[in-house]
Amino acid sequence: MVFPVARRDGSARSGSLSRSPFPPNRAATALVLLAAGLAAVLGTVLDAAFRRGEGETGRGTARMVADLGLTDLALFTEARYTRNPSLADLHTPFQDHPLALDHFPSGSLIGPPTPWGQASLTKGEVPE
Amino acid sequence: MIRWFRVQVLMIDYTLASMARRKARNLGLLLVYAAILFVLASVTLFTGALREEAVRALVGAPEVTVQRMVMGRHALIDRDGLEALRAIRGVQWAEGRLWGYFYDTANGANYTMIVPSGGIVPSGGREAVAYGAPPEPGFVRIGGGVARSRGVAPGDWLFLLNPQGRLFKLRVEAVFPSASELVSADLVVLSEADFRAFHTLPEGVFTDLALGVRNPREITTIVEKAALVLPDCRFITRRDILRTYDALFDWREGILLALMGGAILAFMILAWDKASGQSPEERREIGILKAIGWETGEVIRARLWESALVSLFAFLAGYLLAYLHVFFFSAGLLRPVLQGWAVLYPEIHLTPRIDGARVLTLFLLTVGPYVAATLVPIWRAAVVDPDTVMR
Amino acid sequence: MDTPMLTLRAVTKTHNEGEENACTALHDIDLSLEGRGVTVLRGPSGSGKSTLLSLVGCLSRPTSGRIHLRDPETAEVRDISALPERFLTLLRRRTFGFVFQSFNLIHGLSALENVMLPAYPLGQGRREIITRATAWLERLDVAHKARTPVELLSGGEVQRVAIARAMVNDPPVLIADEPTANLDSDLVRRFLEIVARFRDEGRMVLMTSHDPRVWESVSVDRVVTLRDGRIAGDEPGPASPARQGGGGAP
């Protein structure tokens, strides 16, 4: 049995005749790929716009929040000052004693409660 | 213009040909770069969408929440406070709220127990609405997280041991729709009678109070007046809540970015090393290009195409994967970060939201430094005299 | 008689000027070169041949003295000794093609890609450049190796690819630095045949060599001898009409 032997210099003489005289244009491939990537990015923008239009979820949650009288997102359920950060008072994270280290991982993610109240009412606006 | 474009295409062709010589190295670099961008873009997209979701959900939060403070701690408030607030001009409605936390020893999860605002006596004067109509005593509506962790479905019994050890047997009336899990995952909604019995709470006391005002612009005045009536209370407005979430997401994003900082720095060192470690061969190659008629600017441009292509492809790959990850796979890889020690966590289905400015910032903060980090060494190598090859 | 293609007047070149290791490679060179024919610069190593070649080829600028070059397109004569690098490069790439001592092909690229490189900055279409580069490779009988990475080529093939690269922009002047070093006699003969063809096409060929096989070749018109950075001799070569006329029968 005869195996075709690959020549070390890679120039299979018989093959070169059938090949196009123009080697593949790498730049064109790269630019096409780039364009495809940009098109996909545009696609995400369209997808976002489309799903925003169709998704009623936002309004659904707003309704539920109003009806149940909720004040916070249920992101972290492990500690009360992370479950309801907007209602947590300043002392809650240090309820055990003033120098206690926060031992809930989410506590380190959401930051200490900010002293709101009358003092903060005149501060910067947040869109309603 | 056509001429310029043709030259760039040829330069890219040359750049790709020379990059192909170190395929493994360049692909590795591209992968690391894309992975970093994937994480950064995931965090950016996730927090951006979550912030949007929070703002959209919490516009329904009570305009003012009134919390009584005793020794710096949140304490129960009684009916007298409610009457005093109702007397203030501009207050549309005021009602007591009943809610609290419950640690379920059966599975180690924390639930939030709540009585719908429309279902508390005395009624605040708000009409009872879809979610607001309280369940009948003996019935509960639960969030998806609770249902999952206890393995119960509508119609099943939910057994709960109250803090005194008494067993409560409650019928699950409904599970909140999964689209609302971001606010409802850990909720156990029950009737006022069951709530008071479960927590052995006497009549006439509430967790806190909620106010509605007729004209939102009067909130400041109303809060000032209310503070005179109830000096031991803290007033949390809806704006405060929204601001809390704004700060929260900034903070969280900041934490994650800080954690990533090390990785980014390491990558920058790698990029700098790769670009500045112009080997003698690369220098020789630049010398040859200059000798055969390339200008310094053309050599720099060809080399810049290399870093530009690497960073553009890394950015596109990282961003697109992050988009899929966050909005099609519910940010599964970020879950451990959010989850912490919690047993219950929401299955978040975020509505995609792309903050152009943030994505652009991400682009500029990653692609910019990379291209800049490679520019200086390239420029230094490109100014060699063309006759170096003759020496 | 035409204005010479290149004129060097009182040209001195000092490497690393002003530094401790400064060395003067060329002293006070006066030389003028016609726009055609084959000229060989000969001399021992260190005599300044390569330095002179790089000055003539606009690869470097003289420390003092003047070099004038006739632009092949506009026939305008310009002083290039103080031209900014950018203009020097533009002038260089339409006037000269270079074959370097070790050929200096770029490894990892194919023969065709190496030949195409000098044409990239000119803004022609890719197909046009490929066609031209392939034509040169065919002319020099290495077209079958066009797609082969240059590090896999034999010595003779490398040399011919290097010549194709020098010629791809069709320059009127070919400059070659020790083109026959490390080549066997057969390859030297083939190289000289190529040089003779260029000469017959009306191109100018300027090369350095300390190889007698080169400067004794029949196609050489002029041999300039350098020693210690100065011109030590300037005589007609075997192909020169002066020598054929004065020297009797060929």
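S330(B) lies in the loop between α10 (296–327) and α11 (335–339) of chain B; helices (H or I, at least four residues) and strands (E, at least two) are DSSP runs, numbered from the N terminus. This is a predicted model, in which local features need pLDDT of at least 70 and side-chain atom pairs count only at pLDDT 80 or more, while totals for chains, interfaces and linings use all residues. Residues are numbered from 1 along each chain as its sequence is written, chains are lettered from A and ligands numbered from 1 in the order in which they are written, and side-chain values use heavy atoms, with hydrogens and water left out.

**Loop residues with positive phi**

- The phi of S330(B) is positive, near 50 degrees, and the residue is not glycine.
- S330(B) has a relative accessible area of 25% and is therefore partly exposed; buried means under 20% relative accessible area, exposed over 50%, and partly exposed in between (1.4 Å probe, protein chains only).
- N104(C), in the loop between β6 (96–99) and α3 (111–116) of chain C, has a positive phi of about 45 degrees and is not a glycine either.
- N104(C) counts as buried because its relative accessibility is 4%.

**Strand β1 of chain B**

- Strand β1 (residues 64–70) runs antiparallel to strand β12 (residues 233–237) of chain B, joined by five bridges; two strands pair if DSSP finds at least two bridges between them.
- Within that pairing, Q67(B) has R234(B) as its bridge partner.
- Three bridges connect β1(B) with strand β11 (residues 208–213) of chain B, also in the antiparallel sense, and V66(B) stands opposite L209(B) there.
- Strand β2 (residues 73–75) of chain B is antiparallel to β1(B) over three bridges, with H74(B) the partner of M69(B).
- β1(B) and β2(B) form a hairpin with two residues between them, and M71(B) in the turn has a positive phi of about 50 degrees.

**Helix α4 of chain C**

- The buried residues of α4(C) are R126(C), I129(C), I130(C), A133(C), T134(C), W136(C) and L137(C).
- They lie on the same side of α4(C) because they cover an arc of only 160 degrees around the axis, taken from the directions from the helix axis to the C-beta atoms.
- R127(C) and E138(C) are exposed on the face turned away from the buried side of α4(C).
- The cover over the buried residues of α4(C) includes α1 (2–19) of chain B, together with α3, α5 (155–167) and α6 (185–200) of chain C; contact means heavy atoms within 4.5 Å.
- Just after α4(C), D141(C) has a positive phi of about 65 degrees.
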